[in-house]
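Here are my notes on this model, as numbered points. Please read them with the structure open.

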Amino acid sequence: MGNMTLPPSGADTPSGDASQPAHHLPLESEVEYEITSLRTPGPHQTQTVGGLVAFRRALAPLRRLLMSRSRRLLFGALATLIILLLIALTLQGTIGQSHLDTTRLIPTSQRFLYFANGAGRGILRLDGHFLDEASLEGSGIALDAGFGWHTLDYSALPFAPLRCHFTVPTAPGDTCPLLPYTTSVKGPDRFYSGPGRVINLRASPAYLPARQLAALGAAINRALTQFSSSVILAVGDHYRSADGRLHVDNRPLIATLRFRLSVDPARGLAYNANPSSDCMMLCGADLPGSITASVVADWLYTNLQNGAVFDHLSGAPDSSQLLTFALTWDAGHWIATFVPYRYQSLDPDCAAAPTLLEHASSAFDLNDLVWNSNALAMAQGCLIGVPLFDAQGNKTNTYADFFMRCGALVAVNAAARRDAPAIPSASPNEMQAANSYYLPGA
C-alpha cells in the first residue's frame, strides 16, 4: 500500500487557541507522494529506493519552475497569436481599397494603359471582366491594371479578334500590340492624362482587307443617297457643264444634286489613319468607331420631256468636304450614319464660292463669308453674303449677295453687281430662289 507522509502531531497540530495561527492545508501541487513496495527490501534495494527519493525531492523545485515557465510561454504564444489575428483583420479592409505601396513604386508609364484604334462597339475584357471600351478610348481615360500578369480580350466584327497578355511592370513575354505614346496617336478630342502604354486594338479600317474597305466605301455612298434632291431649271437659269463652261439654259431641264465619296481613279480607294485636313478619301476620325470621308457634290442634268441625261458635272477634289460617319456592323454588312461633328454640314457646292470670288473684287473679305441653304432640298441652291468695308476699312452691315447652284455663281443685289462685274446677274427664277433665304447675321 502507499504511505502518505502526514504533518507531525503535537505543537504543530491546530488547537482551540484562537491566538495561534492556523496552518493552511497543503495545495495539491505541494503534496509529495512516496510509493514503496510492501515487500521487505533487501540491503541493496533500501539503498536504491532511498537514493531515488532523495533525487526526486531535489528535482521538485526545478520541476515546479519548469512547469511555471511553460505556462508563461504558452500564455505568451496565445497572446501573440491573438494580436497577429487582430492586425490581419484590420489590414483586410484596407488592402482591397488602395494599392499597396510596392505598386506606387512602379513607373506610371508601365502602370497606366490607354486604348486606340477601337471600333467603339466591341467587347473588351480584362482578366475576364468587361470594360467600357467606348468610354475609355473616347475620353482618353487611363486604366490602372494593377501589379501582375493580365489577359486582354477584344472582339469587334469584322475585325480580327485580339487576345494578348501584358504585365505590370513590363516583361519580355508581353504580347499586346502597342503604339508609341506620342502626339501622333492623339486627336483633338482624344487626349491622354499622362504617360502610359497605348494598346492597339486593331479595329480600324487600316486593318481591313481591300474587299472590306470597298464594302465600307459603298456603305458611305448608300448613306449619302438620302441627301439627294432635284430642282427644275427655267429658261435663263445658269449651270456649269462637265467641261467647266458656264451655260444659260435655253430649255427647261432637271438638275439633280448627288453626294458621293471622293475616290481617286488612279489610286483607287485608300485609307489614312491620321485625321487631317488633307484627307483625300477615307481617314481616321476623332470619335471612336467613326471615319472621316472626303465627299464631293455632283450635278446630273436630264431633259424634262424625255428624262434623257445630256450632261454631268462631277465634283472636284479641291471642292470636297470632310464629313464624319459612325460605323456599325450588322448581319455581315457595314452601316454608315452621317454624324454632324463640330460644324460639319452637307454643302451643295457653296464651298467653291470663295474660289470663284477670290479675284472678283478687292473689297471682299472672304474670311467673313456667310451662307445659307435649304437643308431638306439642297438642290435649291444657296445664298452667299460677303461683308463690305467702308473707306476707313471698317466692316459694315452691307453685304454683297450672290446665289450659287449647279456650279454657277450669280450676283443677286446691286452691291454684288457693282463690286463683281465679271459675275453674271441672276435670272428672275434664280432671284426668286435667293429671296427665300436669309443670311445669318445680315
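1. Start with leucine 257, which lies in strand β12, residues 253-261. The model is a predicted one. Is leucine 257 buried or exposed? Its relative accessible area is 0%, so leucine 257 is buried.

2. Look next at what surrounds this side chain. Leaving aside residues up to four places away in sequence, leucine 257 touches Ser228, Ser229, Ala297, Asp298, Trp299, Pro348, Met378 and Ala379. Take aspartate 298 from that list. In sequence, leucine 257 and aspartate 298 are 41 residues apart. In space, their C-alpha atoms are 5.8 Å apart.

3. Now the disulfides. How many are there by the distance rule? The count comes to 3. A disulfide is a covalent bond between the sulfur atoms of two cysteines. Counting bonded cysteines along the chain, the pattern is 1-2, 3-4, 5-6.

4. Cysteine 164 is joined to cysteine 176, with an S to S distance of 2.1 Å. The link is right-handed, with 85° about the S-S bond. It connects distant parts of the chain, 12 residues apart. Cysteine 164 sits in strand β6 (residues 162-168), while cysteine 176 is in the loop between β6 and β7 (178-179). Are these two cysteines buried or exposed? The cut-off for buried is under 20% relative accessible area. Cysteine 164 has 1%, so it counts as buried. Cysteine 176 has 10%, so it also counts as buried.

5. A disulfide also joins cysteine 279 to cysteine 283, S to S 2.0 Å. With 105° about the S-S bond, this link is right-handed. Both cysteine 279 and cysteine 283 are buried.

6. The disulfide of cysteine 350 and cysteine 382 deserves a look of its own. Its S to S distance is 1.5 Å. Which hand does this link have? The torsion about the S-S bond is about -135°, so the disulfide is left-handed. The pair links distant parts of the chain, 32 residues apart. Cysteine 350 is in the loop between β18 (333-338) and α6 (353-357). Cysteine 382 is in strand β20. Both cysteine 350 and cysteine 382 are buried.

7. Cysteine 382 leads on to a sheet. In β20, cysteine 382 is the bridge partner of serine 373. Strand β20 covers residues 382-389 and runs antiparallel to β19, with 4 bridges joining the two.

8. What is the strand order of this sheet? The order is β19-β20-β21-β22, an open sheet of 4 strands with antiparallel pairing. Its edge strands are β19 (370-373) and β22 (408-411), each pairing on one side only. On average, neighbouring strands are turned by 30° against each other, direction ignored. Strands of a sheet pair through backbone hydrogen bonds, either parallel or antiparallel.

9. Cysteine 406 has a relative accessible area of 0%, so it is buried.

10. One is the link of cysteine 350 and cysteine 382, with its S to S distance of 1.5 Å and its left-handed torsion of about -135°. The other is leucine 257, buried at 0% relative accessible area, with Trp299 and Met378 among its contacts.

Methods: Residues are numbered from 1 along each chain as its sequence is written. This is a predicted model: local features need pLDDT of at least 70, side-chain atom pairs count only at pLDDT 80 or more; totals for chains, interfaces and linings use all residues. Side-chain values use heavy atoms; hydrogens and water are left out. Two strands pair if DSSP finds at least two bridges between them. Axes are lines fitted to C-alpha atoms, for helices over the stretch in contact, and angles run from 0 to 180 degrees between N-to-C directions. A disulfide is a pair of cysteine sulfur atoms within 2.5 Å. Buried means under 20% relative accessible area, exposed over 50%, partly exposed in between (1.4 Å probe, protein chains only). Contact means heavy atoms within 4.5 Å.
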